Amino acid sequence: MCGIVGYVGERQAAPILLDGLAKLEYRGYDSAGVCVFFNKQLHVAKTKGRLAALGEMTAQGSGVPGCLGIGHTRWATHGAPSKENSHPHVSTNGKISVVHNGIIENYLFLKEFLRSAGKTFASETDTETVANLVEYHYEREGALFTAVKKAVAMLEGSYALGIVCVDDPERIVAVKKDSPLIFGFGKGENFIASDVPAILKHTREVAYLNDGDLVVFSKDSVEFYNTLGERTEKVPEHIDWEITAAEKGGYPHFMMKEIHEQPKAIRDTLKNLTQDGRVTLGNIELTRDYLSGVRRIYIVACGSAYYVGCLGKYILEKSCRIPVEPVLASEFRYSQPVLGEDTLVIIISQSGETADTLAALREANSMGARTLAIVNVVGSAIAKAASDVIYTCAGPEIAVATTKAYSTQLLVMYLLAMYIGDIMGTFKKREYDEVFQALQALPALISETITQERLAEMQACAARYCKHHDVFFIGRNVDSATCMEGSLKLKELAYVHSEAYAAGELKHGPISLIEENTLVIAVATTAELFDKTMSNVKEVKARGANVLGLTTENYREEIAKTVDSLLTVPKTHPLLQPSLNVIPLQVFSYYVALARGCDVDKPRNLAKSVTVE
Ligand code: F6R
């Protein structure tokens, strides 16, 4: 949420900034702007709304000439989306311009202080305080670098900042704490950005800035400073993603592309975390000695990642016989969890930057628990802060609603279960080998779940049900956890109210909501509980519900007798079945969203990376 791009070089900055910001659209935004240095002045263009509006306003950047600039996409936190509140913000005397991702928590105090020093404010934002604070120090120190250092020392909260000064036409200063920022090494040009896709077209050599890092750069020089103000060196990390990996690659939407990338994401993650028929989990080491002392595992995450945790409870408890508790990160941090050396806290996050999840992780660290992060973005804040990290290899996920990252996180749940269960002797060798073999076949089975024929069936179901306003997802055991993800997908993508219930719970209240034509999506793939779920299906049918069933191929005929519509998935080893079950629910929501005219890649009010509490 919020995207930053900065450029200095010999080319025109504005088109590069606009293009980079477009690559960061996935982070979510409601306004955008650029500030470019030209003819001894800072020229700002900004507007509420989509980047297309900013492109139009600036003639795709050519209306704002100059070779040094900063750009920003804003996701409103302090003050409504508006031109005034958009970044870049310029200080009272026009000396300093700033773009910011994060929240300055003490901005009201600073605003008062700056007002009494004669500074004025044109917006409701916390960021404008930073612009004025840097100017305040600049007027006393006469040097941008020192002014930024002094200003940053007064800030409380989170920030990635790109700062330019009208008297310093060749340099950009950037600094970060608790919000992501990378530096891109170019030839005769340099960059900053919130994320790699923004600059991948121009350079593959990047440095991930640490909290407290400050960088001063021109087109042909760069100086890094650590939190103590000491000069440091950064060795560039080479990014080997294909450029097309960050673009749509022929699909109508990023989400559909990412749905189709799931087999590859699973294959890549498997390759990274297994070797010679064994689960290795990369570099982490959980010894028998350590695991014997673990009394409880918490799985802490937000949204879909939390629903992976809900599945993880079933998967890990069954295979490892250790109590597992999934907890929402936003609740965990304020719930005084009972933690200590005998607790393993597993943190799941695609972005590795989710503010609530990061805070929960820090809480767990400070209470002496061992923390294990499952993260997709290499070098992200969560990856850095955890005791151990397992990387999913989903590649960049651009659509706001997660699909392939969810699938790789779920894969890691199986792998962890096998790894821990094997060490603890609770996962028997025969089953271990069977599951390992089934894992190799999983990518092909996912491809089989999204053949053209099956996609057409899902689309037909979406067409049939897209006008429903209230939907219930029901299932038992792992199917109930899959229902939670299915329900979230429908809410976030298609703006349809839906609820997920453990099927057995219906008669304890929610069944009173079932009336003629209410849509119930019943997930029934768990063999031991199939009949029980079918009883619940009959209960809702008897009250007039319209039931869409989702089951495995082998139950097709049996379930078809009862439900109104049916989607099936191939059958795999029962432990891995949730990986196939979720796919039709992703696709169904995608098509319902399209049928309702929704923006599937960028649903309203949502951000990809939720870096504020
Ligand atoms: C839903 C979705 C969100 C994220 C959640 C956590 O489709 O994408 O619910 O799962 O915001 O994000 P990460 O995994 O980046 O911590």
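Let's start at Tyr136, which is buried, with a relative accessible area of 14%. Keep in mind as you look around that this is a predicted model.

What lies over the face of Tyr136? It is Arg140, at 3.7 Å from the ring centre. A pair of aromatic rings is described by the distance of the centres and the angle of the planes. By the rule used here, the count comes to 12 aromatic pairs. While Tyr136 is buried, Phe113 is partly exposed, with a relative accessible area of 28%.

Now hop over to Phe183 and Phe185. Their ring centres are 4.9 Å apart and their planes are at 85°, so this pair is edge-to-face too. Phe183 and Phe185 are both buried.

Another arginine over a ring turns up at Tyr290, where Arg370 lies over the face, at 4.5 Å from the ring centre.

Next, let's look at how two helices meet. Two packed helices are described by the angle between their axes and the distance between the axes. The axes of helix α7 (residues 262-273) and helix α14 (residues 429-449) come within 8 Å of each other and cross at roughly 170°. Angles over 145 count as roughly antiparallel, so α7 is roughly antiparallel to α14. Which residues make the contact? On the α7 side they are Gln262, Pro263, Ile266, Arg267 and Leu270, and on the α14 side Leu439, Gln440, Leu442, Pro443, Ile446 and Ser447. Sorted by class, the contact of α7 with α14 has 7 nonpolar, 3 polar and 1 charged residues.

Our last stop is a loop. His78 lies in the one between β4 (68-74) and β5 (89-90). Is His78 buried or exposed? His78 is buried, with a relative accessible area of 17%, which falls under the 20% cut-off. Leaving aside residues up to four places away in sequence, His78 touches Asn85, Ile103, Tyr107, Glu124, Thr125 and Asp126.

How values were computed. Residues are numbered from 1 along each chain as its sequence is written. This is a predicted model: local features need pLDDT of at least 70, side-chain atom pairs count only at pLDDT 80 or more; totals for chains, interfaces and linings use all residues. Side-chain values use heavy atoms; hydrogens and water are left out. Rings of Phe, Tyr and Trp (its six-membered ring) pair if their centres lie within 6.5 Å; planes under 30 degrees apart count as stacked, over 60 as edge-to-face and the rest as tilted. Buried means under 20% relative accessible area, exposed over 50%, partly exposed in between (1.4 Å probe, protein chains only). A charge sits over a ring if NZ of Lys or CZ of Arg is within 6 Å of the ring centre and within 35 degrees of the ring normal. Axes are lines fitted to C-alpha atoms, for helices over the stretch in contact, and angles run from 0 to 180 degrees between N-to-C directions. Helices (H or I, at least four residues) and strands (E, at least two) are DSSP runs, numbered from the N terminus. Angles under 35 degrees count as roughly parallel, over 145 as roughly antiparallel, 65 to 115 as roughly perpendicular and the rest as oblique. Contact means heavy atoms within 4.5 Å. Ala, Val, Leu, Ile, Met, Phe, Trp, Tyr, Cys and Pro count as nonpolar, Asp, Glu, Lys and Arg as charged, and the others, Gly among them, as polar.
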